[in-house]
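Reader: Before we go through this fold together, I would like to learn how to read its features one by one. Could you give me the general idea each time and then the case at hand?

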Amino acid sequence: MKAGPDIAMVASLVGDPARANMLTALMTGRALTASELAQEAGITPQTASSHLSKLEAGGLVEPEKQGRHRYYRLTGEDVAGVLEMLEGLAARVGHMRVRTGPKDPALRRARICYDHLAGDLGVQMLDSMRTQKLVRQRKQDIELTPEGARFLERNLQIAPDMLRHPRRPVCKACLDWSERRHHLAGTLGAAMMSRFAELKWAARDPTPGSRVVNFTRTGEKRFAALFPSGDD
């Protein structure tokens with residue numbers, strides 16, 4: 001057996017349809033109970049508990065007890081990043097779910113990916129930040145520039161000390177499944193999404209399990225002013 005990371009183990013955990021549905025549900029960034037995850041996966045609570053034990057042992061989810069309830073969340077944005085890339089690969093090679101609905105365009109336009117903005121608007125934001133020289137990107141490496149730090153503090157009240165985290169990079173490229181290009185993850189991506197919500201520019205769809213992010217009319221105008229697309 002070759003030494004090194006065991007990708008087969010991770011792939012087997014993600015590859016089960018029920019576990020894949022549960023993990024996808026956790027990409028909203030919200031912690032969910034075993035019952036809620038069972039409903040998302042279309043399985044019994046007992047079966048969900050068995051799957052969650054395997055996912056926890058494999059390091060993909062972690063539990064959090066609150067009162068009588070036990071909630072589960074992804075162990076980190078790297079798990080969400082892998083899931084997002086797998087969604088992109090599945091879309092590219094034609095493995096799409098049969099069930100579609102009116103929210104599909106909204107999901108492609110703007111959605112949450114763990115704790116940061118994804119979809120068309122997420123990609124537009126990173127593209128605009130590169131054009132404005134607010135960040136530098138070389139392949140998957142992204143760095144916030146001094147001009148970018150000033151821009152964030154001036155326009156979004158995000159100070160550099162708010163972005164420090166012992167286990168997460170400030171900027172990280174996350175491959176967007178619907179756009180097949182990168183959007184911005186890391187502590188900066190999370191801070192920007194939080195700020196959009198605080199300013200009431202955007203809000204997550206309240207439907208359980210939904211990853212859609214809805215921008216208000218004011219939010220769309222402010223977002224477009226700060227992060228214009230190349231077509232504007």
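Reader: How many salt bridges does a search of the whole structure find?

Author: Some ground rules come first: this is a predicted model, in which local features need pLDDT of at least 70 and side-chain atom pairs count only at pLDDT 80 or more, while totals for chains, interfaces and linings use all residues. Residues are numbered from 1 along each chain as its sequence is written, and side-chain values use heavy atoms, with hydrogens and water left out. In general, side chains of opposite charge can pair when their charged atoms come close. A salt bridge here is a side-chain nitrogen of Lys or Arg within 4 Å of a carboxyl oxygen of Asp or Glu, and the search of the whole structure finds 16 of them.

Reader: Which parts of the chain does the salt bridge between arginine 111 and aspartate 176 link?

Author: The side chains of arginine 111 and aspartate 176 meet at 3.0 Å, N to O. This pair links distant parts of the chain, with arginine 111 in strand β4 (residues 111-113) and aspartate 176 in the loop between β8 (172-175) and β9 (182-185), 65 residues apart. Helices (H or I, at least four residues) and strands (E, at least two) are DSSP runs, numbered from the N terminus. Arginine 111 and aspartate 176 are both buried, where buried means under 20% relative accessible area, exposed over 50%, and partly exposed in between (1.4 Å probe, protein chains only).

Reader: Where does the partner of aspartate 127 lie?

Author: Aspartate 127 forms a salt bridge with arginine 181 (2.4 Å, N to O). That pair also links distant parts of the chain, aspartate 127 being in helix α7 (residues 120-131) and arginine 181 in the loop between β8 and β9, 54 residues apart. Arginine 181 has a relative accessible area of 40%, so it is partly exposed.

Reader: Which residues of α4 are buried?

Author: An α-helix has 3.6 residues a turn, so residues three or four places apart point the same way. In α4 the buried residues are Ala48, His51, Leu52 and Leu55. They lie on the same side of α4 because they cover an arc of only 105° around the axis, the arc being that of the directions from the helix axis to the C-beta atoms. The face turned away from this buried side carries the exposed residues Gln46 and Ala57. Among the elements that cover the buried residues of α4 are α1 (7-15), α2 (17-25) and α3 (34-41).

Reader: Is leucine 226 buried or exposed?

Author: Leucine 226, in helix α10 (residues 217-226), counts as buried because its relative accessibility is 6%. Contact means heavy atoms within 4.5 Å, and leaving aside neighbours within four places in sequence, leucine 226 is in contact with Ser128, Gln132, Phe151, Asn155, Leu156 and Trp201. The C-alpha atoms of leucine 226 and phenylalanine 151 are separated by 9.4 Å, although these residues are 75 residues apart along the chain.
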